[in-house]
Amino acid sequence: MNASINTTGFIGGSIERAPMSSLRKTSLTSGLLYLLTFVSIPTLALYGPIHAPDYILGSGSDTPVIIGNILELVVALAGIGTAVALYPVLRKQNEGMALGLVSSRVLEAATIFAGVMFLLTVVTLHQTSAGADALVTSRTLVTMYDRIFLIGQSLMPAINDLLLGFLLYQSRLVPRGLALIGIIGGPVLLAGDFFVLFDFIGQRDPLIALTAVPVALFEFSLGVYLVARGFKPSPLTQNK
Amino acid sequence: MKTISSSEHKRNAKVTGAFFIAATVTAIIGLKLYDPILLNSDFLKTGVINSNQIVLGAIFESLLAISAVGTAIMMFPYLKRFNESWGLGYVCFRLIEVIFILIGILSMISIVTLSQKYISPTQSDLTAFQNAANMLKTIHDWTFVFGPHFMLGINTFIYSTIFYKSNLVPKKLSILGITGAVMIFIGAMLELFGIISPFGSEIIVIALPIAFYEMILAGWLIAKGFNLNNQEPAR
């Protein structure tokens with residue numbers, strides 16, 4: 001079954017060539033990309049100034065915001081990278097779910113990019129000295145950023161990790177305990193998102209940060225595991 | 001897997017080339033039609049005078065979105081033969097480019113709506129309208145930086161690299177593509193830091209290689225099709 005799926009879409013002759021090394025390349029790439037998705041952590045601090053109510057009126061530097069934006073761009077690109085890098089392997093476990101993971105990563109990246117655009121629009125208004133006239137619009141844009149952050153970088157990761165957790169659990173490509181953290185972390189983060197959405201807890205409340213811990217732990221340890229160890233031998237890695 | 005006859009391969013290549021041409025033509029026409037908003041400071045007035053023109057521009061941009069997705073869908077089966085992950089990556093980054101185009105359309109259409117409200121005689125708070133319209137125009141400008149510049153650079157780099165490694169098209173052509181992709185990506189970074197304007201003459205020069213590349217590629221695909229014989233084995 002696996003072998004027949006394997007050969008489709010490829011031009012013959014590839015199957016005999018050292019399959020483990022190409023798998024190792026896949027696991028290493030996706031592991032590194034998973035670690036790369038953590039580079040946006042400094043945005044928490046970098047976006048402090050732009051959240052100030054009178055940012056548009058002040059003469060503060062826009063550079064921290066632009067750097068934060070670039071870090072977010074990197075995260076969005078790396079996020080898609082993780083899904084497309086793992087796709088050829090995960091596809092053999094469940095093609096629909098593997099494509100679902102790619103799709104939800106694309107949606108996540110789209111919302112991240114949209115959020116970046118909102119903040120850059122504030123930067124443009126600031127640089128063109130739009131002043132008090134643009135106070136309301138700039139506050140609107142920052143609010144839109146915060147809300148789209150909730151969807152893109154909180155809701156979508158929950159769905160991504162749930163899908164990935166299941167795929168990894170079923171395929172045993174990594175230790176099942178590791179996959180379980182993702183399966184548990186997804187719903188925990190999802191619950192946190194709904195608490196924020198229905199305004200039970202503020203979006204910047206420390207308690208909400210706590211609901212993101214299992215997912216972060218899952219993605220980080222997955223990155224480390226894939227870089228350090230690669231895939232565990234499983235039916236999917238047997239390239240017959 | 002279903003075997004595809006060589007005539008089907010030729011037809012697929014022709015459709016791909018046609019999508020590339022359609023994407024370029026609709027992009028240029030759409031942008032020209034947006035000129036009244038993009039080039040004027042008092043665009044709220046001109047926007048309402050030319051509201052049909054802006055809507056027409058939005059329709060052309062929508063056709064651009066469809067053509068851009070079309071190129072990705074048509075090329076994926078060929079890119080996948082060489083490297084499935086990168087082929088899928090191309091499709092994803094093309095989709096993200098299109099999402100930006102769509103957000104840009106929404107912004108422009110919203111400006112048209114605002115301008116229609118703006119001329120209403122009962123309307124008193126004109127500054128508020130101008131501010132909101134300015135915000136929408138700025139969002140459109142940024143979608144232009146991220147979609148047709150930043151993302152186009154990334155996705156063109158991906159498929160041109162696969163072209164280069166797989167010989168799907170002549171190597172010289174793929175090298176032009178890689179060069180053009182790197183240049184437009186650098187252009188997007190310069191725009192990000194405000195060094196050049198997204199609608200200035202510098203970016204037109206920077207975008208020339210990628211524009212030439214897409215047109216030559218389209219012509220090549222229509223005339224000759226993909227070269228499927230001397231591909232290296234899949235990885």
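**Close-up views of a predicted two-chain model**

**View 1. Ile184 of chain B in its helical setting.** B:I184 sits in helix α6 of chain B, which runs over residues 171–192, and the model shown here and in the views that follow is a predicted one. B:I184 counts as buried because 26 C-beta neighbours fall inside 10 Å, where 20 or more are required. Leaving aside residues up to four places away in sequence, B:I184 touches B:H149, B:L152 and B:G153, and also B:I206, B:A207 and B:I210. B:V205 lies 21 residues from B:I184 along the chain, and the C-alpha atoms of the two are separated by 9.6 Å.

**View 2**

**View 3. The crossing of α3 and α5 in chain B.** Two packed helices are described by the angle between their axes and the distance between the axes. For helix α3 (residues 51–82) and helix α5 (residues 126–166) of chain B, the angle is about 55° and the axes are 10 Å apart. The pair is therefore classed as oblique, α3(B) to α5(B), and α3(B) passes α5(B) in a left-handed crossing. The residues that meet are B:M75, B:L79 and B:F82 on the α3(B) side, and B:Y159, B:I162, B:K165 and B:S166 on the α5(B) side.

**View 4. The contact between chains A and B.** Chain B brings 29 residues to the contact, and chain A brings 30 residues. On the side of chain B that touches chain A, the elements giving two or more residues are α3, α4 (84–118) and α5 of chain B. Of these, α4(B) gives the most, with 10 residues.

**View 5. Two loop residues with positive phi.** In chain A, the residue A:R172 occupies the loop between α6 (135–171) and α7 (176–197), and its phi is near 55°, a positive value in a residue other than glycine. A:R172 is partly exposed, because 17 other C-beta atoms lie within 10 Å. In chain B, the residue B:N167 is placed in the loop between α5 and α6, with a phi near 60°, again a positive value in a residue other than glycine. B:N167 is likewise partly exposed, with 17 other C-beta atoms within 10 Å.

**View 6. Chain B as a whole, for orientation.** Chain B contains seven helices and zero strands, so that its pattern, read along the sequence, is α-α-α-α-α-α-α. Along the principal axes, the C-alpha trace of chain B spans about 70 × 35 × 25 Å. Within chain B, 77% of the contacts with a separation of 6 or more are made between residues 24 or more positions apart.

Conventions: Residues numbered from 1 in each chain as written. Chains lettered and ligands numbered in written order. Predicted model: local features only at pLDDT ≥ 70, side-chain atom pairs only at ≥ 80, totals over all residues. Helix = DSSP H or I, 4+ residues; strand = E, 2+ residues; numbered from the N terminus. Buried ≥ 20, exposed ≤ 12 C-beta atoms within 10 Å, placed from the backbone. Contact = placed C-beta atoms within 7 Å. Axes fitted to C-alpha atoms, helices over the stretch in contact; angles between N-to-C directions. Parallel < 35°, antiparallel > 145°, perpendicular 65-115°, else oblique. Left-handed = near helix turned anticlockwise from the far one by under 90°.
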